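Have a look at the structure first, and then let's walk through it together.

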Amino acid sequence: MITLTENALTVMNSALSQAAAQVEGFRIMVETGGGAGFKYVVGLESSAREGDAVVETDGVKVFVDLGSQLHVAGMTIDFVTGLESSGFVFDNPNAGERCACGKSFG
């Protein structure tokens, strides 16, 4: 369902090991908003919820709620570091259009 690059895995493992609370993985959600209609929300998560798809790669778990699953199927998540900004980058084959910031899609 979701592919994580080596860069994304490195950052996610680091965040999990440094978390102040007990967390089990990351939650990826799609919400209405952003410049193109939908936006990605990424955050730490303590456990799976009912209806979640759980994707595990090299020990990193990603939880995707039922409403977001169709939007992110086949997506690749990378993490890039640049002079002006750093962050997760989403390569989503389901996105018809993307905003310039790369954080939202339509």
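## Around strand β5

Val54 stands opposite Phe63, a residue of β5. This is a predicted model, and in it β4 (residues 53-57) and β5 run antiparallel, joined by 5 bridges. The hairpin made by β4 and β5 has 2 residues between the strands, and Asp58 takes a positive phi there, near 45 degrees.

Phe63 in β5 also has Arg27 standing opposite. Here the partner is β2 (residues 25-32), which runs parallel to β5 and is joined to it by 4 bridges. Is β5 mostly covered or mostly open? Strand β5 (residues 60-64) is mostly covered, with 4 of its 5 residues buried.

## The three-stranded sheet

Now to another set of strands. An open sheet is formed by 3 strands, in the order β1-β6-β7, with mixed pairing. Both β1 (2-4) and β7 (86-91) stand at the edges with a single partner strand each, so one side of each has no neighbour in the sheet. On average, neighbouring strands of this sheet are turned by 25 degrees against each other, ignoring direction.

Within this sheet, β6 (residues 75-81) pairs with β7 in the antiparallel sense, over 6 bridges. Asp78 stands opposite Val89, which lies in β7.

## The helix on the sheet

Which strands does α1 touch? Helix α1 (residues 6-18) packs on the sheet and touches β1, β6 and β7. The direction of α1 makes about 70 degrees with that of β6.

Methods: Residues are numbered from 1 along each chain as its sequence is written. This is a predicted model: local features need pLDDT of at least 70, side-chain atom pairs count only at pLDDT 80 or more; totals for chains, interfaces and linings use all residues. Side-chain values use heavy atoms; hydrogens and water are left out. Two strands pair if DSSP finds at least two bridges between them. Axes are lines fitted to C-alpha atoms, for helices over the stretch in contact, and angles run from 0 to 180 degrees between N-to-C directions. Contact means heavy atoms within 4.5 Å. Buried means under 20% relative accessible area, exposed over 50%, partly exposed in between (1.4 Å probe, protein chains only).
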